[in-house]
Structures are given as C-alpha cells and as structure tokens.
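Subject: Structure handover

Hello,

Please find the structure below, with notes on what was found in it. The notes start with a definition and then go through the chains and the contact between them.

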Amino acid sequence: MQVAEHETALDVTRELSDFLERRREQIAQRWAEASLFRAVFTVSRDEAVEACKAVVDALAEVARGGRPEDLRAPGFDSVREQLGRMAASRAKAGYTPSQIAGEVAGLREPVTSLLRAEYDDPADPRAQANEIALTILIGTLRLVVMETTVDAGEELIARQRQQLLEVATPVIRLWDGVVAVPLIGTLDSARSQIVMESLLEAIVDQRARYAILDITGVPTVDSLVAQHLMKTVAAARLMGAECIVSGIRPAIAQTIVQLGIDLGTIITRAGLSDALAYALSQQGIVVSPRPAMGGNAR
Amino acid sequence: MHAPFVSATRLSIGSDADLAWVRQQVRQAAAALGFGLVQQTKLVTAVSELARNTLVHGGGGHMEMTPLAEGNRVGLRLSFVDRGPGIRDLELAMTDGYTTGGGLGKGLSGSKRLVAEFAIDSRPGEGTTVTIADWVSGVPSPRAGAS
C-alpha cells in the first residue's frame with residue numbers, strides 16, 4: 001500500500017465513483033428525505049429525487065477525476081447553480097450559513113451507511129479509505145455550497161449599491177426655471193459625481209436659472225462634502241444658473257462654522273421653501289395670499 | 001444598545017464604506033452616552049475628517065473607541081491609528097487651509113476646534129495617531145490630550 005500511494009489514492013476515488021454511480025438511485029431516494037432537498041423542491045418528490053441525482057452524478061464525476069478536495073473540479077459546475085438556489089432558498093427561510101453547511105454535512109451519513117454495506121468486513125482498509133474519500137468529497141461539496149452563498153450575497157450588495165446610486169438623486173422641477181435636488185445620505189465621491197451630472201443636465205433641459213441643493217437628508221457635512229457642494233455650485237454658475245443650498249440644520253450650521261469652512265460665496269437658506277421663495281423673488285415672481293373675498297370668514 | 005460600553009471598540013478603516021460605518025458607530029455610541037444633537041454632529045464631523053485622513057493619507061488603519069467615565073461625567077475617546085508615511089511638519093499640517101490631498105485643508109485644524117481634547121502623535125515613516133475626546137455637556141476638560 002505504501003509502494004504506490006498515488007496509484008492507490010486514484011484507485012480509491014475511482015472505486016468511490018463507481019459506488020456512487022451504482023447506488024445513485026438509493027442515495028437519491030435517501031437524500032430526498034433530507035430537509036435540505038425536501039424543503040427546497042416542494043412541488044413533488046420526483047423533483048427532489050432528480051435534484052439529488054444531479055448532485056450524486058456531480059460527486060461521482062469529481063471522484064472519478066481523482067481530486068475529491070478540489071473546489072474547482074469541473075464536476076461541480078453542472079450543479080453549482082442548483083446548489084446556489086438551494087442555499088438561497090434555505091437562507092430565505094431564515095437559516096444561517098453555518099446551519100446550511102450543517103445540512104450539507106448531514107448528507108454524508110446516508111451515503112456512508114450504504115458504503116459500509118458494500119464491504120463484509122468493516123475493518124477492510126479499502127472500506128476505510130473509501131469512507132475517508134467520501135468524507136473529503138462531502139466536505140468539498142459543503143464548501144462549494146458556502147461559496148455560492150457568499151457569491152450571492154456579494155452580488156446582491158453590488159446590485160443594491162448600484163440601485164442606491166440611481167435612486168437617491170432625483171432632480172425636481174419646482175417652478176419654471178427652478179430645479180431642486182434633495183440630497184440624501186452619505187455624499188461620497190461617486191454619489192456627488194452623479195448629483196452634479198444630473199443637476200447640470202437638468203439645468204440645461206429645464207433652462208433653469210436657479211438650482212436648489214437641499215441637504216436636509218445629509219447627516220454629516222464635513223470638509224469633503226462642503227467641497228463637493230462648492231464644486232457643484234461653481235459648475236452650475238458656469239452654466240448660468242445660480243445655486244442655493246438649503247436644509248442647513250442648526251447643528252450642521254454650527255459645525256460648519258467651527259470647522260472653519262467658508263460658505264460665504266454660496267447662497268444658503270435654512271429650508272427648501274425659503275430657497276424657493278428666494279428664487280421666485282429674484283425672478284420678480286410674487287406669491288401672495290389671495291385677497292380676502294367678501295364674507296370669507298376664515 | 002443601551003448597555004454601557006465597558007471596553008474599547010476597534011473599527012478598521014480601509015474603504016469609503018468603512019468611513020460611513022465608523023461615523024454611524026460613533027453617532028450611536030455618542031447618542032447612547034447622552035451627547036446632545038449639536039455635540040453629536042460636531043463629534044461625528046470630526047470623526048469623518050480624521051477617519052478620512054487615516055484612509056487617504058495613512059493608507060488605512062483603524063479607529064479605537066473608548067467610553068470615558070470620570071467622576072460624574074461621561075465622554076468618549078477616539079483614536080485614529082495608521083502606519084502610513086507620517087506627518088513631517090506637524091505645525092504646518094495643523095495650519096488652516098494647508099492641504100496635500102487636494103481638499104480644503106480643514107481636516108486637522110477644523111477637527112481640533114470641534115472637540116474638547118485633541119492630541120496628535122506622528123513620526124515620519126512610522127505612522128500617525130490622532131486622539132480626540134469629548135465630554136457630555138461640552139464643558140472643556142482642563143487637561144489637554146487624553147491618554
């Protein structure tokens with residue numbers, strides 16, 4: 001056995017592969033009872049059995065390749081998507097990644113008992129070698145499932161980040177020639193770049209003379225945020241529009257002053273309505289309450 | 001969330017997303033300790049400046065947040081640690097308007113004005129540690145620098 005260790009290892013994985021193919025039906029039937037498959041493939045038992053068979057086939061192929069520890073074995077490719085869907089469905093049901101991993105590990109037991117039944121003598125070294133190879137193989141399967149879970153999470157985060165970029169910067173036309181952008185959340189450089197672009201576009205499209213940047217929804221105004229605001233104001237000015245920064249809360253105002261940022265060149269107002277009133281009065285538009293009609297008591 | 005912070009919390013600063021996380025954690029801690037809205041805003045703004053310095057100039061590092069209790073007053077101490085190139089001329093770096101990063105040059109000098117205590121320790125080639133502390137109610141501490 002020590003003479004050609006590599007040969008023996010290959011023999012073992014090949015033997016395991018043969019076993020998996022031979023017992024494909026029984027293993028699939030047993031796995032279909034496991035919560036991992038039962039809870040995911042709910043339409044029919046046949047569906048679950050088919051899914052199990054696909055996984056058994058994949059494991060058999062990986063074992064035949066002789067590297068049961070290889071996460072990247074091509075044999076896994078055929079079931080990666082299916083495993084990902086299974087993991088996602090379990091995660092949606094409230095299972096933690098470690099619980100899902102535990103369920104995958106639980107798939108080993110039914111196969112082990114079938115494997116043991118193949119040998120008359122449980123102490124047979126080949127039986128033990130096969131069992132070890134099977135353990136490694138299931139361990140790799142568990143890693144593959146974990147990997148799909150993590151990938152799915154990262155993909156979701158990337159998608160949401162993209163959505164955030166788009167969602168948070170609507171440009172609103174408040175009046176003829178007056179546009180406003182309500183800024184929300186953290187103004188990192190990617191976000192502020194988009195704000196500037198969409199505001200400048202709106203200034204052109206709407207032929208706006210006044211642009212209001214409302215920072216009510218920005219929790220922290222530090223020097224970088226202030227700098228972004230100043231750049232946006234300067235760019236708008238180049239296009240012939242006057243910018244008004246509104247929504248400056250008392251705490252923010254005090255902080256800006258102590259920080260030593262000079263916003264003196266920018267027109268600022270406490271609230272959005274003040275900013276609109278300014279923009280209107282600059283254009284000579286007067287908004288006044290309707291003159292009281294006769295008999296209108298209220 | 002209301003449980004008093006008994007030990008220091010360490011948050012790593014390695015990306016823009018970490019900056020937002022650090023700001024949020026400090027805001028929560030400050031609110032839990034009883035900081036008023038204005039003080040919270042000042043503290044978080046200072047944190048934002050200093051954490052960005054750690055990221056941009058120090059090449060990343062971490063922030064350590066320690067709740068303080070002294071007699072009948074409570075506060076928060078925050079240390080920003082990086083192993084970056086360090087600051088060669090501290091006096092110049094603390095000057096209003098001086099910048100090497102294309103910013104407004106208000107980060108260090110401005111943060112110092114926003115909090116009660118401010119200490120900076122930097123050695124060229126070894127890194128920079130900026131430590132700030134603030135106390136609930138905003139009475140400035142007679143002692144400068146906390147460590």
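A residue counts as buried if 20 or more other C-beta atoms lie within 10 Å of its own, as exposed if there are 12 or fewer, and as partly exposed in between, with the C-beta atoms placed from the backbone. By that count Gly66(A) is partly exposed, because 17 other C-beta atoms lie within 10 Å.

Some conventions come next. This is a predicted model, in which local features need pLDDT of at least 70 and side-chain atom pairs count only at pLDDT 80 or more, while totals for chains, interfaces and linings use all residues. Residues are numbered from 1 along each chain as its sequence is written, and chains are lettered from A and ligands numbered from 1 in the order in which they are written. Helices (H or I, at least four residues) and strands (E, at least two) are DSSP runs, numbered from the N terminus. Two residues are in contact if their C-beta atoms, placed from the backbone, lie within 7 Å.

Chain A

Chain A has twelve helices and five strands. Of its 298 residues, 33% count as buried. Among contacts in chain A between residues at least 6 apart in sequence, 72% join residues at least 24 apart.

One such region to look at is the loop around Gly66(A). Gly66(A) sits in the loop between α4 (45-64) and α5 (77-92) of chain A. Leaving aside neighbours within four places in sequence, Gly66(A) is in contact with Leu10(A) and Thr13(A). Gly66(A) and Leu10(A) are 56 residues apart in sequence, and their C-alpha atoms are 5.5 Å apart in space.

The five strands form an open sheet of mixed pairing, in the order β1-β2-β3-β4-β5 (chain A); two strands pair if DSSP finds at least two bridges between them. At the edges stand β1 (172-175) and β5 (267-268) of chain A, each with a single partner strand, so one side of each has no neighbour in the sheet. β1(A) runs antiparallel to β2 (residues 178-184) of chain A, and three bridges join the two. Ile172(A) stands opposite Ala180(A) in β2(A).

Helix α10(A) lies across β3 and β4 (242-246) of chain A and runs at about 150° to β4(A). For such angles, axes are lines fitted to C-alpha atoms, for helices over the stretch in contact, and angles run from 0 to 180 degrees between N-to-C directions.

Another loop residue is Arg207(A), between α9 (189-205) and β3 (210-217) of chain A. Its phi is near 50°, a positive value in a residue other than glycine. Most residues other than glycine have a negative phi. Arg207(A) is exposed, because 12 other C-beta atoms lie within 10 Å.

Chain B

Chain B has four helices and five strands, which run β-α-α-β-β-α-α-β-β from the N terminus on. Buried residues make up 39% of its 147 residues. Among contacts in chain B between residues at least 6 apart in sequence, 63% join residues at least 24 apart.

Strands β1 (residues 9-13) and β2 (residues 61-70) of chain B pair in the antiparallel sense over five bridges, with Thr9(B) opposite Met65(B) in β2(B). Ten bridges join β2(B) to β3 (residues 73-82) of chain B, also antiparallel, and Pro67(B) has Leu76(B) as its bridge partner in β3(B). The hairpin of β2(B) and β3(B) has two residues between the strands, and Gly71(B) takes a positive phi near 60° in it.

How do the helices α2(B) and α4(B) pack, and at what angle do their axes cross? The axes of α2 (residues 37-56) and α4 (residues 107-114) of chain B come within 9 Å and cross at roughly 155°. The two are therefore roughly antiparallel to each other (angles under 35 degrees count as roughly parallel, over 145 as roughly antiparallel, 65 to 115 as roughly perpendicular and the rest as oblique). Residues of α2(B), including Lys42(B), Ala46(B) and Glu49(B), meet Gly107(B), Gly110(B), Ser111(B) and Leu114(B) in α4(B).

Contact between the chains

The contact takes 17 residues from chain A and 21 residues from chain B. On the side of chain A that touches chain B, α10 (223-238) and α11 (250-259) each supply at least two residues, and α11(A) gives the most, with six residues.

Regards
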